[in-house]
Each structure stands twice: as structure tokens, then as C-alpha cells.
Amino acid sequence: MKRHPLIGDELCRPVKSLEAVRPIVRHHHERLDGRGYPDHLCGDRIPLGAQIVTVVDVFDALTSDRPYRRALSPEAAWRIMRSEAREGAYSPDLVERLVDLHRRGEIEVAVRRVPSRRRRIAKARSRRS
Ligand SMILES: [Fe+2]
């Protein structure tokens, strides 16, 4: 799991047109406090594009259903992200920029919920009748 930034970077290497995105792919799991991976970069040594992708990726993960929990609302996601940013995971400024964009309606947030098993079965049955 922790190897995917390196694998992604390697996959992009032979494609000249992807040269500029390679640092983003490689460093999107770094943390501002240096406890991320794969290169344990700190603060401004993490490319800005990678820092942006980190914040957006975390927001997307929190607002999507996972096998172990339901998708969170954007507001619940902001609370968690502000806390993680304070702990040094990623940029508090970028989190606030994302919150602002959301407040101003400049980004569309699709909370992705997988229908519950019961709803899926009911839906399938109604299609058959
Ligand atoms: Fe990732």
C-alpha cells in the first residue's frame, strides 16, 4: 500500500508528457511534519501540487463510503481535516482554501454513498416485478 507513490512515479517515468506530474504522484502521501512517505519530505520541500492533491484526496476519502464506515458529511470531514492539519499532516491553509471554495459553491462535492445491501436487494426485486 505504501509503495503506490513509487510505483506510480515509475509508471510515469517513460512518458515524457507526464514528467511534470511525477513529483505530485511521488509525494502525495508526504506529511508536513516529515512523517509521511516515501521520502519523508518536510514542509515546503513537498511540491505544492502534491500538497494540494493530498488535501483533496483526504477530503474525497472521508466523504466516500468505505467498507469500514459510511461516507462523512463535508462538515464532519472539515472537522477531522482541521485537526489532522494542526497535528502536522498537511497544510491548514490549503484545508481552509478548500473549505472556502466549497462555501462559495466553486467546487461540487459529491458525497459518494454505496446503497445499503437492503436497498440494493429491494431495488433489484422491484426491477424484476
Ligand atoms: Fe495515494
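**Terms and basis**

A nonpolar core here is a set of buried Ala, Val, Leu, Ile, Met, Phe, Trp, Tyr and Cys residues joined through C-beta atoms within 7 Å. A residue counts as buried if 20 or more other C-beta atoms lie within 10 Å of its own, as exposed if 12 or fewer do, and as partly exposed in between, with C-beta atoms placed from the backbone.

The model is predicted: local features need pLDDT of at least 70, side-chain atom pairs count only at pLDDT 80 or more, and totals for chains, interfaces and linings use all residues. Residues are numbered from 1 along each chain as its sequence is written.

**Overall form**

The chain has six helices and zero strands; helices (H or I, at least four residues) and strands (E, at least two) are DSSP runs numbered from the N terminus. The radius of gyration of the chain is 18 Å, whereas a compact globule of 129 residues would have a value near 14 Å. That radius is taken over C-alpha atoms, and the globule rule is 2.2 Å times the number of residues to the power 0.38. Along the principal axes, the C-alpha atoms fill a box of roughly 60 × 35 × 25 Å. Buried residues account for 19% of the 129 residues.

**The largest nonpolar core**

This core has 15 residues, of which Val55, Val58, Phe59 and Met81 touch the most other members. Helices H2 (22-27), H3 (48-62), H4 and H5 (92-103) each give two or more residues to it. H3 supplies the largest share, five residues.

Met81 is in contact with Val58, Phe59 and Val95, leaving aside neighbours within four places in sequence; contact means that the C-beta atoms, placed from the backbone, lie within 7 Å.

The expected span is 1.5 Å times one less than the number of residues. Buried in H3 are Ala50, Gln51, Thr54, Val55, Val58, Phe59 and Leu62, and their cover includes H2, H4 and H5.

H4 (residues 74-86) has 13 residues and reaches 18 Å from its first C-alpha to its last, close to the 18 Å expected. Gly88, which follows H4, has a positive phi near 100°.

**Leu32 in the H2-H3 loop**

Leu32 lies in the loop between H2 and H3. Leu32 is buried because 22 other C-beta atoms lie within 10 Å. Leu32 and Gly88 are 56 residues apart in sequence, yet their C-alpha atoms are 5.6 Å apart. Not counting residues up to four places away in sequence, Leu32 touches Cys42, Gly43, Ile46, Gly88, Ala89, Tyr90 and Ser91.

How values were computed:
Two residues are in contact if their C-beta atoms, placed from the backbone, lie within 7 Å.
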